Amino acid sequence: MSARRARSHAPITTSFLERASLDNSLHSTVDGILKDLKACSRRLQAALASYQDEMQVLERLYYKSKNQHRPALFFKRISEIRRYGWRLLEANMTEDVHLLRASFYGATVVQSEKSMRGSWNYVPSRSYVSFITERFKAYSCLILKTSERLREAYYHCSLAMQSGAFIQLIVLFAGIASRMATLSAEMGSCVRGCEAACERVLSVIDPTHKPSSWVN
């Protein structure tokens, strides 16, 4: 499932289990899951904010230089990271983290941080958590593809520097690609953390659930 396809589908309707339906020994596990999701959400928001800043700089440079450098190989790679960069930002990954957290408070829409304080009272259905998990997997794939394009762009910028022509512009593009690659790695780490949290939720709901092989 692509991230764009995942984003085009609204979350499925979920039912909730009462907190009291879970064994008391599992309550601390859910507490830990929610704590981890909150931390992942904050890291992801920070990385995306910085990524958007880099994209805005890239966008300005791209439009100023596209007419002159469009045929150049390095510029074609820059065009690719621009396209993938906007796809990452349009995916709105933090929304799904918020949706998963909100489901423990009996909500099916994104809630404010204030509304998700205090004790949780519900556990979302297995189908709902599985659906959110698939979205995170799609985001992981998109981040991986974006990271690959960023490495290629940096490589081709490095090659282009050797000619000595337009060196200031190419150095700027290389710097942006490098910083975006670092931020993509951080986003990938956050999303994998969310995937792992989903697997832990599924194990709480169904003790017979076997985590996917990618879970650390």
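1. Ground rules. This is a predicted model, so local features need pLDDT of at least 70, side-chain atom pairs count only at pLDDT 80 or more, and totals for chains, interfaces and linings use all residues. Residues are numbered from 1 along each chain as its sequence is written, and side-chain values use heavy atoms, leaving out hydrogens and water.

2. Overall layout. I get 6 helices and 2 strands for the protein, where helices (H or I, at least four residues) and strands (E, at least two) are DSSP runs numbered from the N terminus. Reading from the N terminus, the order is α-β-α-α-α-β-α-α. Along the principal axes, the C-alpha atoms fill a box of roughly 70 × 35 × 25 Å.

3. H2 against H6. The axes of H2 and helix H6 (residues 167–205) come within 8 Å and cross at roughly 155°; axes are lines fitted to C-alpha atoms, for helices over the stretch in contact, with angles from 0 to 180 degrees between N-to-C directions. That makes H2 roughly antiparallel to H6 (angles over 145 degrees count as such). The crossing of H2 with H6 is left-handed, that is, the near helix is turned anticlockwise from the far one by less than a right angle. By class, their contact has 25 nonpolar, 8 polar and 6 charged residues; Ala, Val, Leu, Ile, Met, Phe, Trp, Tyr, Cys and Pro count as nonpolar, Asp, Glu, Lys and Arg as charged, and the others, Gly among them, as polar.

4. H4 against H5. Helix H4 (residues 93–103) and helix H5 (residues 126–161) have axes that come within 11 Å and cross at roughly 160°, which means H4 is roughly antiparallel to H5. This crossing of H4 and H5 is left-handed too. The contact of H4 with H5 divides into 10 nonpolar, 1 polar and 2 charged residues.

5. The largest pocket. Its volume is about 200 Å³, meaning the space filled by 1.4 Å probe spheres set on points of a 1 Å grid, joined across faces, edges and corners. A pocket here is an open set of points with protein on both sides within 12 Å along at least five of seven lines, and lining residues have an atom within 4 Å of a point. The lining includes Arg 19, Asp 31, Lys 35, Tyr 105 and Trp 120. Helix H2 (residues 27–69) gives the most to this lining, with 4 residues. By class, the pocket lining has 4 nonpolar, 2 polar and 5 charged residues.

Definitions and conventions:
Parallel < 35°, antiparallel > 145°, perpendicular 65-115°, else oblique.
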